[in-house]
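I opened this entry to record what I looked up, going from the whole chain down to single residues.

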Amino acid sequence: MTNNAGIDYYAEAHLSNWNSWMHTIGMPFTFYGISCWVAALFGMMRILSKQNQNKLQLAIWYVYALHYMSIDFKRGVLCIAFYLYPIYRAYTKTHSTKSNFKLFLHGFLVSFLALMFQESIGHYLGGDIPSRPEGVFNAILYAPLYSTYHIV
């Protein structure tokens, strides 16, 4: 256990080493996809310009980085390093895609498929309980950090 209630709660549904590794593989795709479709959603609603969509992405990523480093500095830095490429790709994809609708569909499809991979290949084949619907907000906050937690 980690002495962090949020991470420990998330870990309860990810007990097998197999499932943890499937999340290590799948979460960067999930994070990338969600970063794309959330930014696109604000663009489709005409709340944010393309430039401000990228600013939103950066602000959210900075909050995640600071939060993770406040929990455990070394593991937080490892998580940031692990997610740098998906962050970069989401930023550039958001900046270069003219249609917010196409960006939304792309991001949603990537994140949906990555989550289905983690649920079916990770949880089901790994023998762990299914993801808990009541734990969605906890997962949004802690899944990226957890996906790297078992590496070191």
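I began with contacts. Of the contacts in the protein with a separation of 6 or more, 84% are between residues 24 or more positions apart. I note that the model is predicted.

**Overall fold.** I counted the secondary structure next. The protein has 6 helices and 0 strands. Along the sequence I read the pattern α-α-α-α-α-α. The radius of gyration is 15 Å, close to the 15 Å that the globule rule gives for 152 residues, so the protein is as compact as a globular protein of that length. I also took the box along the principal axes: the C-alpha atoms fill roughly 45 × 30 × 25 Å.

**Surface and burial.** I looked up how much is covered. Buried residues are 41% of the 152 residues. The protein exposes about 8700 Å², and carbon and sulfur atoms supply 71% of that area.

**Helix α5.** Does the length of α5 agree or disagree with what its residues should span? Helix α5 covers residues 100-126, which is 27 residues. At 1.5 Å a residue, α5 should span 39 Å. I found its end C-alpha atoms 37 Å apart, so the two agree.

I then listed what α5 buries. Its buried residues include Asn 100, Leu 103, Phe 104 and Gly 107. Further along α5, Ser 111, Ala 114 and Gln 118 are buried too. Gly 122, His 123 and Gly 126 are also on the buried list.

Which helices do the buried residues of α5 pack against? I found α2 (17-44), α3 (50-71) and α4 (73-96). Just after α5, Gly 127 takes a positive phi of about 85 degrees.

**Arg 46.** I checked the loop between α2 and α3, where Arg 46 lies. Arg 46 is not a glycine, yet it has a positive phi of about 60 degrees. Is Arg 46 buried or exposed? Its relative accessibility is 77%, so Arg 46 counts as exposed; the cut-off for that is over 50%.

**Leu 58.** I placed Leu 58 in helix α3. At 28% relative accessibility, Leu 58 counts as partly exposed, because buried means under 20% and exposed means over 50%. Last, I took a distance to Leu 78. Leu 58 and Leu 78 are 20 residues apart along the chain, and their C-alpha atoms are separated by 18 Å.

Conventions: Residues are numbered from 1 along each chain as its sequence is written. This is a predicted model: local features need pLDDT of at least 70, side-chain atom pairs count only at pLDDT 80 or more; totals for chains, interfaces and linings use all residues. Side-chain values use heavy atoms; hydrogens and water are left out. Helices (H or I, at least four residues) and strands (E, at least two) are DSSP runs, numbered from the N terminus. The radius of gyration is taken over C-alpha atoms; the globule rule is 2.2 Å times the number of residues to the power 0.38. Buried means under 20% relative accessible area, exposed over 50%, partly exposed in between (1.4 Å probe, protein chains only). Contact means heavy atoms within 4.5 Å. Accessible areas come from the Shrake-Rupley method with a 1.4 Å probe; for residues, only the protein chains shown count as cover. The expected span of a helix is 1.5 Å times one less than its number of residues.
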